Amino acid sequence: MIKKLIFATTFLMALSVFGQKKNDKDAVSDAAEKLRSAMISGEKSALESLILPELTYGHSGGHIDDSAEFVDKLVSKKSDFVTIDITDQTINIVGNTAIVRHHFYATTADSGKALGDVTLDVLLVWAKMKNDWKLLARQAVKSEKKK
C-alpha cells in the first residue's frame, strides 16, 4: 500500500512539473508575441510592461541599448517596424529563466526612410518575475537565411 502511495505521489509530482513547464512555455511564447506586436505599434506602456529595467538589447550591428533607449527608439519611430515575422522559434526553460531563439524577418521604415528588410537570428532571455515573464536580454546577429 505504501509503495502504491509513493508511486502515485511521485507520478502526480512529475505531471505537475511537466504541466508547469508547458504552461511556462506557453506564457513565454505569449510574452514573445506581445513583444513582437509592441515593437510594431511602438506603444510605450506595452513595451515597458514586457521588459526589465536592467534590459540589455543587442543589435546585429553591435550597438547595445538599455531599457530606456530600447523603448525610446520604438516610440519615436527611430526604429520603425512595419512588419515582423518570427519563424523557427524554440523555447527552453531553466528554472525561472527562458531562452528563446528565432529567425526574425522585418520590414522597416526607420525615421521615415524608405522601406528596408532585416533578416536576423535572435536570442532572447526572459526572467520570470512572480507570474510574469519579462525580457532581460536580447542579442541579434545578421542571418543569411531567407524567408
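## Surface, core and aromatic pairs of a predicted chain

The chain exposes about 9,100 Å², of which carbon and sulfur atoms supply 59%; accessible areas here come from the Shrake-Rupley method with a 1.4 Å probe, and for residues only the protein chains shown count as cover. This is a predicted model, in which local features need pLDDT of at least 70 and side-chain atom pairs count only at pLDDT 80 or more, while totals for chains, interfaces and linings use all residues. Residues are numbered from 1 along each chain as its sequence is written, and side-chain values use heavy atoms, with hydrogens and water left out.

Three helices and six strands make up the secondary structure, where helices (H or I, at least four residues) and strands (E, at least two) are DSSP runs numbered from the N terminus. Along the sequence these elements follow the pattern α-α-β-β-α-β-β-β-β. Of the 147 residues of the chain, 35% count as buried, a term that stands for under 20% relative accessible area, with exposed meaning over 50% and partly exposed in between (1.4 Å probe, protein chains only). Among contacts (heavy atoms within 4.5 Å) with a separation of 6 or more, 49% are made by residues 24 or more positions apart.

The largest nonpolar core holds 29 residues, and Val28, Met39, Phe70, Phe104 and Trp126 are the members that touch the most others; such a core is a set of buried Ala, Val, Leu, Ile, Met, Phe, Trp, Tyr and Cys residues joined through side-chain atoms within 4.5 Å. At least two residues of this core come from each of α1 (2-41), α2 (44-50), β1 (51-58), α3 (67-75), β3 (81-94), β4 (97-108), β5 (116-129) and β6 (132-142). Helix α1 supplies the largest share of this core, six residues. In soluble globular proteins, nonpolar side chains tend to be buried together.

The count of aromatic pairs comes to two, under a rule by which rings of Phe, Tyr and Trp (its six-membered ring) pair if their centres lie within 6.5 Å, planes under 30 degrees apart being stacked, over 60 edge-to-face and the rest tilted.

| Pair | Centre to centre | Angle between planes | Class |
|---|---|---|---|
| Tyr57 and Phe70 | 4.5 Å | 35° | tilted |
| Phe81 and Phe104 | 5.7 Å | 85° | edge-to-face |

Tyr57 in strand β1 and Phe70 in helix α3 are 13 residues apart, and their pair links distant parts of the chain; both Tyr57 and Phe70 are buried. Phe81 lies in strand β3 and Phe104 in strand β4, so their pair ties together parts that are 23 residues apart in sequence. Phe81 is buried at a relative accessible area of 12%, and Phe104 likewise counts as buried, at 4% relative accessibility.

Leaving out residues up to four places away in sequence, Phe104 touches Met39, Phe81, Ile84, Asp85, Ile86, Val118, Thr119, Leu120 and Val122. Arg138 lies over the face of Phe104, 5.8 Å from the ring centre, the criterion being that NZ of Lys or CZ of Arg is within 6 Å of the ring centre and within 35 degrees of the ring normal.

Asp80, in the loop between α3 and β3, is buried with a relative accessible area of 17%, and, apart from neighbours within four places in sequence, Asp80 is in contact with Thr107, Thr108, Ala109 and Asp110. Asp132, in strand β6, is partly exposed, with a relative accessible area of 44%. The C-alpha atoms of Asp132 and Ala31 are separated by 8.5 Å, although these residues are 101 residues apart along the chain.
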